[in-house]
Amino acid sequence: MDLLLENVCHSYGETEVLRDISLSIPSGKIMCIVGPSGCGKSTLLRLLGGLERPSSGQVVQLGTPPENCINPLTYVFQDFALLPWRTVEKNIGLVLEDHQIAKARRAEIIADVLARTKLTDFAGALPRQLSGGMKQRVALARALAVNPAVMLMDEPLSALDSQTRELLMGDLVNLWTRQPFTAVYVTHNLNEAVRLGHSIVVLSRRPGCIREVVTIEKPLSERQIRDSELDAKQEYLWNLMREEAAAADQELLNV
Amino acid sequence: MSDRKVVKFRGAGFAPISKRGVGPLVFILLIGFLEFGTRVGFISNLTMPRPSDVFWTFVNLWSSGLLWQHLIPSLTRLLVGSSLGISAGIGVGVLVGLFSFIRAGLVPLVSALFPIPKIALLPLFVIWFGIDETSKYALIAFGTFTPTVVATYGAVDNVDRSLIRMGQSFNLSWLSIVTKIVLPGAMPGILSGLRISLAIGIILLVAAEMLGAQYGIGAYILEAGSLYDLERLFTGVAILSVMGVTISALIGRVERRLLKWRV
């Protein structure tokens, strides 16, 4: 299943946020979206998953999602969005409850995603007992449980400290290498973008439009922390964005 | 270098912690003071009954079996009336919290009803529901209804929107979002609203029993008051206070059980 953005424009009242975005999201790859703050990255993601309706243009789904896919377009949020009154296990169970899935099968799915995110020992913990990194792992496990056709990740690592971020990036790379998934990954962190993205979409300042799509051929598993090729890409991205980021920083927010 | 000074700690206070035994101690001191004052004589027996006399009046009430004759109807009225009012209040409060139309229509109405002293409406309830139990249930139900509505819709408003978005993004049904996300999320606010509603319920219970009730704590207090029997008056008042403390403790237990997930 592929996702396609066709001439999408969006504005909140008077403020134009996105202008004429056309983009095809390739399946089995991670596409990163970067841009200066307030350029509409997160809005774009909400449009992709149907949490918001574009002012004009449309988001098209090409083909049908695979048979065993419970929730084709699945989000991972920056603030984790875990229910504080449910344990890890039941937070994951939540998204399976509304679908006719036999109890045994449900338990199987939960056990599987907990194992894949190394959370098996924490199945009975409440969110408040977990660190930020663990919470995001739970959110990731929850997203994997519904076997999404496309994962929509909204700055998933931005609320975490840099060590935890490094660890979770490693986890994401491992998850993808073992079983490639399609993802749109919004971030303001260029390092995350060059480590995780097969392609990187650079948005301009508001109203956001696509400035350039940068591709990185190097396989995810071979990308290291210090890597001259990635550093060069990161620098290239930064040069693309630098002036706009400075201008965006000076702007008054009236959204 | 010679001017050495330890940095002064200025972060104290503003973090209440539970202190065991302080609450009972305040009661003991206050009652002890009254007992001492009435015995020594600087508090006249005409202005304040002696606490020990009030206690013996209570013991008499207990041993004569009259206590239960008064308490059971009162507790029944409180239970029936407030459960009607609270369940309707939570229901309406959730609807107000969820639907813009209902909110636009009902919030002004609730604001109009809230400040009416429900006691003033007692004659109206007697005309509508008769002099017997039904009018008392109605009064208590009505009195607990409005504060419950206000507390509930405020609590629903405060539920983390990002959690509701999450529910929608996973295609949960509307009913699932309400029962699994909105209601548990609103529970802390609803429970603290219950404390207020039930205290109002007790006040209205007494008011209702002052009109056309043979038995009940309110009737007992009214009778003692009209005879200027201060010992019995204070016995009745003390029973009400104990009811209030008990209800508050019960809600505290429910909170601890239901809100274990909170920090």
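**A close look at the salt bridges**

Guide: Let's start with A:Asp171, which counts as buried because its relative accessibility is 12%. Keep in mind as we go that this is a predicted model. A:Asp171 has a salt-bridge partner, A:Lys118, with the closest N and O atoms 3.1 Å apart. The two come from distant parts of the chain: A:Asp171 sits in helix H5 (residues 162-178) of chain A, while A:Lys118 is in the loop between H3 and H4 of chain A, 53 residues apart. And where A:Asp171 is buried, A:Lys118 counts as exposed, at 55% relative accessibility.

Now try a pair within one helix. A:Glu108 and A:Arg105 both belong to helix H3 (residues 103-116) of chain A, and they lie three residues apart, about one turn of the helix. Their side chains meet in a salt bridge, at 2.9 Å from N to O. Here A:Glu108 is partly exposed, with a relative accessible area of 48%, and A:Arg105 is partly exposed too, at 44%.

Next up is A:Glu52, which pairs with A:Arg46 in a salt bridge whose closest N and O atoms are 2.6 Å apart. A:Glu52 has 18% relative accessibility, so it counts as buried. A:Arg46, with a relative accessible area of 22%, is partly exposed.

So far we've stayed inside chain A, but some salt bridges cross over to chain B. Look at A:Asp98, which forms a salt bridge with B:Lys180, the closest N and O atoms being 3.6 Å apart. Both of them also belong to a network of salt bridges that links A:Arg86, A:Glu97, A:Asp98 and B:Lys180.

Let's step back to the whole meeting place of the two chains. On one side are 25 residues of chain A, in contact with 19 residues of chain B. The area buried between them is about 1900 Å², and carbon and sulfur atoms give 64% of it. A:Asp98 turns up again here: along with A:Trp85 and A:Arg128, it is among the residues of chain A that lose the most area to chain B, the three together making up 33% of what that side buries.

There are also ten residue pairs in polar contact between chain A and chain B (both at pLDDT 80 or more). On chain A's side, the elements that give two or more residues are strand S5 (73-76), helix H2 (88-97) and helix H4 (132-145). As for the kinds of residue on that side, they divide into 14 nonpolar, three polar and eight charged.

Key:
Residues numbered from 1 in each chain as written. Chains lettered and ligands numbered in written order. Predicted model: local features only at pLDDT ≥ 70, side-chain atom pairs only at ≥ 80, totals over all residues. Heavy atoms only, no water. Contact = heavy atoms within 4.5 Å. Buried area = accessible area lost by both parts, 1.4 Å probe. Salt bridge = Lys/Arg side-chain N within 4 Å of Asp/Glu carboxyl O. Polar contact = N/O pair within 3.5 Å; in protein donor to acceptor, adjacent residues only side chain to side chain. Helix = DSSP H or I, 4+ residues; strand = E, 2+ residues; numbered from the N terminus. Nonpolar A, V, L, I, M, F, W, Y, C, P; charged D, E, K, R; others polar. Buried < 20%, exposed > 50% of the residue type's maximum accessible area, 1.4 Å probe, protein only.
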